[in-house]
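Here are my notes for you on this entry. Please have the model open while you read.

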Amino acid sequence: MPTLTSAPLDLLLLPTWLVPVEPANVVLTGHGLGIRDGRIVLIAPRHEALGHAARDVRELPGMLLAPGLINAHGHAAMSLFRGLADDLPLLTWLQNHIWPAEARWVDEDFIRDGSQLAIAEQLKGGITCFSDMYFFPEIASEVVHQTGVRAQICVPVMDFPVPGALEPADAIRHGLQLFDDLKHHPRLKVAFGPHSPYTASDETLTQVLMLAEELDAGIQMHVHEIDLEVQQSLQQHGVRPLARLQRLGLLGPRFQAVHMTQVDDEDIALLVASNSSVIHCPESNLKLASGFCPVERLWQAGVNVAIGTDGAASNNDLDLLGETRTAALLAKAVAGSATALDAHRALRMATLNGARALGLEQDCGSLEVGKWADLAAFDLSGLHQQPVYDPVSQLIYTGSRSCVKHVWVGGKQLLDDGQLTRMDEQRLLATARHWGEKIAQR
């Protein structure tokens, strides 16, 4: 990396507040952030930052500059099923509505159009990195490449036919090809996504583990989402799902347990001992009445807890800032303590904890010299946000995605004053409406 004196900065940003996330609980005022070759190379007081030559200097008055948000779990293309089957319990929703709709409609065009819609929505909400677990992952990866966002693409693996894969061997073969194709991609990371313990046999999970270890790939899985899942595992396997996964060897630093609404002391001990991450999806869990993830208990035990929106079919939006506010409020109610999951920790959950869960903490999730310049600028100058005593508290408790003004990924601006720079919003709207009309007719 060139030194500060050897070349000018590509971009110098001068916000009112700069929140690096690491170190924790820090808010810098009167500071600037410099970017060169897509990475952060300078964080310094304003007068010092202005002493460096820069090709472009951007003043960000009234704005909080933070790491881009990381949506650690979702199903991007399911945005085209938004509102299709609302107000239903999980298994009824899945088995009677979503799985039949997927069998009828999901093809490469569906994935391409749905992924573009989801990425546009996420960028406009300050999300610079997301994890996607859905069908035809090679198509989703193409869209990620074209749009400039960062992502973990999880290859879905189930023991029954799904769009794009007639059996687990097909899904795994596609995953291996995708891993080989993208192993040097600067913004794309491939992981395995066995859907859940109840849709994958021991044999399938053992094969996934072997390949994940060989490729140093993550494993993301819905685990302990509802009580019935836990009870069925006890009947069929004699242990809770998490204990079964531990017995098979899946738990570990690569493992990303999504939902975890049914948690006891033994589960927490397994998560801590294995250094597995939990990905909390509060609004989807609330809407499907799945239960409550005990975020504060997990955090205090030392478990890395990240946050995800889940898919728009069960949320019904991909608003991670709103999700984080819900998580903070719900954590207090579940813990019975107003001090649970304070605003700074909530922001950390939506940034650095997400990067850690996805194995990206060396590259993004905090504003540190050497990391990629994945940034979001939030406007805190609105009437409903005044006065500003603690900008992080205002962001979490009064902010919404409408306050997102600018987004950069790897130093490239993908949202400028609320406008997408690489995507045609009107075309996306027309395409989404076309899909909605076609699906509604059937």
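The points below go from the whole chain to its aromatic rings.

1. A word on conventions: this is a predicted model, in which local features need pLDDT of at least 70, side-chain atom pairs count only at pLDDT 80 or more, and totals for chains, interfaces and linings use all residues. Residues are numbered from 1 along each chain as its sequence is written, and side-chain values use heavy atoms, with hydrogens and water left out.

2. On overall shape, the 442 residues would give a compact globule a radius of gyration near 22 Å, and the protein chain agrees with its 21 Å (taken over C-alpha atoms; the rule is 2.2 Å times the number of residues to the power 0.38). The C-alpha trace spans about 65 × 45 × 45 Å along its principal axes.

3. The protein chain holds 16 helices and 17 strands, counted as DSSP runs (H or I of at least four residues for helices, E of at least two for strands, numbered from the N terminus). Of the 442 residues, 60% are buried, meaning under 20% relative accessible area with a 1.4 Å probe, protein chains only.

4. UniProt, in an unreviewed entry, lists residues 65–413 as "domain: Amidohydrolase-related"; its positions follow the numbering used here, feature names are shortened, and annotations may be inferred rather than shown by experiment. That stretch is 44% helix and 17% strand, and its end C-alpha atoms are 14 Å apart.

5. Now the rings: the whole structure has 4 aromatic pairs (Phe, Tyr or Trp, the last by its six-membered ring, with centres within 6.5 Å; planes under 30 degrees apart are stacked, over 60 edge-to-face, the rest tilted). F110 and W435 form an edge-to-face pair, because their centres are 5.2 Å apart and their planes lie at 85°. This pair links distant parts of the chain, 325 residues apart: F110 belongs to helix α3 (residues 108–124) and W435 to helix α16 (residues 425–441).

6. Y134 and F135 make a tilted pair, since their planes meet at 40° with the centres 4.7 Å apart. Y134 is buried at a relative accessible area of 4%, and F135 likewise counts as buried at 4%.

7. Finally, which residue lies over the face of W435? K438 does, at 3.9 Å from the ring centre; such a charge has NZ of Lys or CZ of Arg within 6 Å of the ring centre and within 35 degrees of the ring normal. The charged end of R104 sits over the ring of W105, 4.1 Å from its centre.

Key: Buried < 20%, exposed > 50% of the residue type's maximum accessible area, 1.4 Å probe, protein only.
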